[in-house]
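Please read this briefing with the chain open beside you, and look up each named part as you reach it.

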Amino acid sequence: MQKTDLRSDTVTLPSAGMLEAMVSAELGDDVYGEDPTVIALEQRIAGLLGFAAALFVPSGTQSNLCALLSHCHRGEEYIAGSTAHTYLYEAGGAAVLGGIQPQALPFQSNGTLDLDLVEAAIKPDDVHFAITRLLCLENTKDGIPIHPDYLSSARILCDKHQLQIHLDGARLFNAAVALGIEPVELTKYCNTVSVCLSKGLGTPAGSVLCGDTKRIGSARRWRKMLGGGMRQSGILAAAGLYALDNNIHRLKEDHQRASILAKELAQIPQLGGCVRCQTNMIFLDVEPEVLKNLQQHLSNNNINVGINRWVVHLGVDDAAVENVVQKTRAFFGR
Ligand SMILES: Cc1ncc(COP(=O)(O)O)c(C=O)c1O
């Protein structure tokens, strides 16, 4: 039986078609701005998301960091959710490298930040305080697609206080597909947006940061400083172009399979009422001890899962879903 890996959509492998596109990519030196495939990818994503400029970077972490560093100077501050990737999972890069202070707020259960709390957290102009510059949002957040109405309200608030908005759109296309809208409907409220190509879209590496020309110019300098200036990176950008053509619309299949898997899991009496599913992610609200034993049981059956988060992606087909259901049922003795 083949291995099934539900730990994350970052485990996706490039398809034969993607590898072919990579091998035949036209290349140049991207630090000199001469890689035609990177330029094509940057222009394509900037256009798709409604921005003047874009920057291809090795990872989502570096993309978010370049954004934060280009929005905020030392002694300035960004507001983010306390479990936001930018705040919790990026090794404090903005604080370490940029002297940028994070102000973390709790997420609401719908994946948004309460805008009244955001407003209350914006510091007044007073020498005692860091200068609040930026609001960081995430879409999807734990699989939850954030609706344009919320982003529009966030924009109004940020305009009132002269704040910029950065969107960590690692899974922006999942959000757009789930909401049935064009991605630009989610990005038009933001000053910068980072999208990942190496998650649900299935490329081996790479993210793209979008913004206006000045901001992306600044981010390009930061990318160089952070060691993210790659040379013939068109070989990776070609995978990105392939993914845009072939792997966005199919995300709905991942969402459907996740929903089927979640429904089947919820039929298991011990899991009833404990299964949450949004887009391609399933969360199990069960005691950690049970989850640990379940994880071990599945691992013994060639199925890798996160402790309480299971993620469906293009490497997971109907047979794999069926197998995961069967093995989970067996664990619970049914
Ligand atoms: C929401 C979110 N943002 C950013 C990242 C960072 O991406 P990378 O792993 O490419 O650095 C991740 C990675 O899983 C993520 O889930």
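A residue counts as buried here if 20 or more other C-beta atoms lie within 10 Å of its own, as exposed if 12 or fewer do, and as partly exposed in between. In helix α10, Arg215, Ile216, Ala219, Arg220, Trp222 and Arg223 are buried by that rule. Seen down the axis of α10, these buried residues fall within an arc of 165°, so they line one face of the helix. This is a predicted model, and the points below should be read with that in mind.

**The chain as a whole**

- The secondary structure of the chain comes to 14 helices and twelve strands. The radius of gyration is 20 Å, close to the 20 Å that the globule rule gives for 334 residues, so the chain is as compact as a globular protein of that length.
- Along its principal axes, the C-alpha trace of the chain spans about 60 × 50 × 35 Å.
- Of the 334 residues in the chain, 47% are buried.
- Among the contacts in the chain with a separation of 6 or more, 74% are between residues 24 or more positions apart.

**Helix α10**

- Helix α10 covers residues 213-225, and its 13 residues reach 19 Å from the first C-alpha to the last, which is close to the 18 Å expected at 1.5 Å a residue.
- The face of α10 turned away from the buried side carries the exposed residues Thr213, Lys214, Lys224 and Met225, while the cover over its buried residues includes β2 (53-57), α3 (60-71), β7 (192-196) and β8 (207-211).
- Just after α10, Gly227 takes a positive phi of about 85°.

**Helix α12**

- Helix α12 (residues 251-267) has 17 residues that should span 24 Å at 1.5 Å a residue, and its end C-alpha atoms are 25 Å apart, which agrees.
- The buried residues of α12 are Leu251, Asp254, His255, Ala258, Leu261, Ala262 and Leu265. They cover an arc of only 130° around the axis, which puts them on the same side of α12.
- These buried residues pack against α8 (172-179), β9 (275-278), β10 (281-284) and α14 (318-331), whereas the face turned away from them carries the exposed residues Lys263 and Gln267.

**Around the ligand**

- The ligand is surrounded by Thr10, Ser59, Gly60, Thr61, His85, Glu138, Asp168, Ala170, Cys196, Ser198 and Ser207.
- Sorted by class, this shell around the ligand has two nonpolar, seven polar and two charged residues.

**Backbone details in the loops**

- The peptide bond from Asn139 to Thr140 is cis, with omega near 0°, and Thr140 is found in the loop between β5 (131-138) and α7 (148-160).
- Asp142 also has its place in the loop between β5 and α7, and its phi is near 50°, a positive value in a residue other than glycine. With 16 other C-beta atoms within 10 Å, Asp142 is partly exposed.
- Thr279, in the loop between β9 and β10, has a positive phi of about 45° although it is not a glycine. Thr279 has 26 other C-beta atoms within 10 Å and is therefore buried.

- Val290 counts as partly exposed, because it has 15 C-beta neighbours inside 10 Å.

How values were computed:
Residues are numbered from 1 along each chain as its sequence is written. This is a predicted model: local features need pLDDT of at least 70, side-chain atom pairs count only at pLDDT 80 or more; totals for chains, interfaces and linings use all residues. Helices (H or I, at least four residues) and strands (E, at least two) are DSSP runs, numbered from the N terminus. The expected span of a helix is 1.5 Å times one less than its number of residues. The arc is that of the directions from the helix axis to the C-beta atoms. Two residues are in contact if their C-beta atoms, placed from the backbone, lie within 7 Å. The radius of gyration is taken over C-alpha atoms; the globule rule is 2.2 Å times the number of residues to the power 0.38. A residue is near a molecule or strand if its C-beta atom, placed from the backbone, lies within 6 Å of it. Ala, Val, Leu, Ile, Met, Phe, Trp, Tyr, Cys and Pro count as nonpolar, Asp, Glu, Lys and Arg as charged, and the others, Gly among them, as polar.
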